[in-house]
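User: I am new to this structure. Could you show me how to read it?

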Amino acid sequence: MTNPLQPDCYHCGLAIDSNVDLTVTINEQVQTMCCLGCQGVAQSIIDNGLENYYSYRTEKGAQATELIPQELTELLSYDIDEIQQEFVEQMSGAQKSVILTVENVTCAACAWLIEKQLVTLPGLIQCNVNTTTARLSVTWVDNELKLSKILLQVAKVGYKAYPFQPDAAEENELATANAYLRKLVVAGLATMQVMMFAMANYFDVLGTLSDGLADYFRWVSFIIVLPVVFYCSQPFYANAISAILAKRFNMDVSVSLAIILSFIASVIATVNDTGEVYFESISMFAFFLLTGRFIEQRAKKKAAQTSSNILKLIPATAQVISEGTQRTVPAKTLSIGDIILVKPGQIIPADGIIVEGNSNTNEAILTGESLAVIKEIGDNVYASTENIDSPLTIEVSCNSHDRLISQIIRLQEQSSNNRPKLATLADSIAQYVVIGIISLSLLTYVGWTLLGADDAFWIAIAVLIATCPCALSLATPSAYTCANATMTANGLLVKSADAFDILAKITHVCFDKTGTLTSGVFKVSHVDSALPTSEILALCATLESSSNHPIASAFTDYQDPSYQLSDCQASSGGGIEGMINGHHYQLGSKNYTLGLTDTVVSTAQSDQQVTIYLSCKQQLLATIYLVDSIRTHSKSLIDFLTRLNIDTTILTGDASNHGDYVMAQLNTTYLVKGQSPADKLDYLMSLQQGEIVAMFGDGVNDAPVLAGAHISFAMGSGSDIAKSSADIVLLHDDLTKVSAGIKLSLKVNRIIKQNFCWAIGYNLLAVPFAIAGMLPPYLAALGMSLSSVVVITNSLRLLKGKQ
Amino acid sequence: MNILLMLIPVALILVTIAVWFFFWAIKSEQFDDLDRQGANILFDEDLHEQKKQQPTSPKANDSEK
């Protein structure tokens, strides 16, 4: 319940619940806060004299949450040397340096706040926050300060800093972007200089320019153009050579040809003092193309940085028990035979066999099964699955290399190497363009020579310049870059360059079930009881409030503060019991709640639902049905795809009937269930023989299919390996954005085709004049820039969907 | 017009110097965070205050500039 008159939280801008009364005095004014987290953060900002944050920030902060004890222990494990090895750089002496990613850095004030907060720490050498990349770089003296202390200090002002796994592509993309920027600047400055001299020639209609001066201008232009041809244009040559070595043509082949041939012709003209020079066209051409490439590269760099930032490096540690004592060690140092303790709520660090305790584990991430799996002594458990309700002692059974998850990762690497390549629209058009340009120039040369013209060579060069594919080469990168910006604004992080091209052509879409089409979280579907439903749910919520079983989360929305829980006890595989307002309640399986001992478990319950029972003094009060709820937008996405005549398949690792239920609800074309990661990949590969396939997934078990599909989407809440395998990451898990993305890619395709039509149309228009020998250099340059501007303006229309 | 013979090489040298500075700026990461520096002037005053209060960590302040 919110009061319309009540102001929103001063710190994060969220609405404040009417029963919350928290305030902080900021700049002598009492400001209201929505939660203890925000209040704590605001108070510590004020206490440290950093009120300026509130005066100068341009965006509200993110809602602050207090660190839970588990997160605190996680922070401490960042101090372990073996774990630090992965991301900390050892400087001279005892100094260490690290680059962290910080969540929710939105404006310069955030950066300032974090830096000020850290500066006061003794032992800190240097800290700097980059708001563009949302990264914090710190250097500190290790024996005076600990990394966990730095992270905690950042947390105090409401930000979460993490070490991250740098995307393999990131460093490369950054270096390439900087290289393009350097080349762009050189080409730009050179164009300006050359254009000055060219202008003098263009406007010399009265012939007032003396021969000596005109010659001087040519030689100066020649010198200026040298770096453009030999330095700035290198990337075009490199691309062209690799294309030719692969026995195909791309746009860069024609670009390189145009640059090199017109340069050679202009040099001959300069030396022999005959014919036209095209130095200004060369440098302008290079400048335009580099602008396109630079902007494209910057978008790629940004995508690589964002995708690195979401790959948080959570320290994998394990509690090893040896000779009666517990030690925390990094998970990768575990070896066969080690005995480890895994507490409820923790991620199991290694594959092993249970030697003590029984519990439920959540294996959805590896198998796609939404229900918890009961584990007893002697059962196998797997690394990266979660232990749910009671402590387990596990004997490690294999080295890190042989773990189930490592096998899946190997499969993923294999499939990403074997991924089918689709030729892009631009490449297939480029083939014809290159052949067209070369044959046209040759024909012109041969034709004029046969006619006995002396300047046949110069006319052929003019044809080459006129057909120069400047606008053509800008047609796709400009459209992709604009579309990329729109996609990012919509919460879709596009990582691969040809995503739009493929997305427009898909004929089949495969979905993982758990965590992708469904939320992977249980929700109450209905309640059978004589008592009011709200009362039953409040009782359940109270009982489950202290549990971290996945079922407990189904009830969090129903909590009622008037119910008081005491003497709460959980029984593994059974349920939970406790005293509420003086009565004893039990919630769990039928046998547990009714005190039965019969081993025959009722099979009446259907697989898509989990049925639990609430009893008071072993009298059944209510039967509650829970279901792994389908995401609200799954249906609209499947409907959208069906309307486009795109087939849909649910490709799930879960073998239960839940798949049939989801299929019936969503009306997908096919259902393939009970698939191991390798089965999924086989199914996908056989589909890809004839169809263009998109794959959606979130779990580790989806990673190989995501890597092998023509195009793949990972949920933002999914596993890191899924996100790093996918081409597109759904940052907010909102499936409706996917249909917007597909619509956009269809539009991108349309715009690219328009761009090609315009660019080729212009070239065709100019060609007759060039063949007739009536196209002076300045007209060629003018036409080239005009058609480039038209193409880019057309591409800019793609930014319209951006919010 | 003879002055052109002299001035054009001078202009070229200036352009070369400009390019050199630009390369230096890219190398020293001046273009890595374009959003941030515009707003920094707002906080400048406090940095000096902080310096007086925190003479123990002058290095940290220097590096922020």
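Analyst: We will look at the interface and then at a strand.
This is a predicted model, where local features need pLDDT of at least 70, side-chain atom pairs count only at pLDDT 80 or more, and totals for chains, interfaces and linings use all residues. Residues are numbered from 1 along each chain as its sequence is written, chains are lettered from A and ligands numbered from 1 in the order in which they are written, and side-chain values use heavy atoms, with hydrogens and water left out.

User: How many residues of chain A are in contact with chain B?

Analyst: Contact means heavy atoms within 4.5 Å. Here, 32 residues of chain A are in contact with 30 residues of chain B.

User: Which residues on the chain A side divide into nonpolar, polar and charged, and how many of each?

Analyst: Ala, Val, Leu, Ile, Met, Phe, Trp, Tyr, Cys and Pro count as nonpolar, Asp, Glu, Lys and Arg as charged, and the others, Gly among them, as polar. The side of chain A that touches chain B has 20 nonpolar, nine polar and three charged residues.

User: Is strand 6 of chain A mostly covered or exposed?

Analyst: Strands are DSSP runs (E, at least two residues), numbered from the N terminus, and buried means under 20% relative accessible area (1.4 Å probe, protein chains only). In strand 6 (residues 135-141) of chain A, six of the seven residues are buried.

User: Which strands pair with strand 6 of chain A?

Analyst: Two strands pair if DSSP finds at least two bridges between them. Strand 4 (residues 95-102) of chain A pairs with strand 6 of chain A in the antiparallel sense over seven bridges, and A:T139 is the bridge partner of A:S97. Strand 5 of chain A also pairs with strand 6 of chain A in the antiparallel sense, over six bridges. These last two strands form a hairpin with four residues between them, and A:A134 in the turn has a positive phi of about 55°.

Definitions and conventions
Buried < 20%, exposed > 50% of the residue type's maximum accessible area, 1.4 Å probe, protein only.
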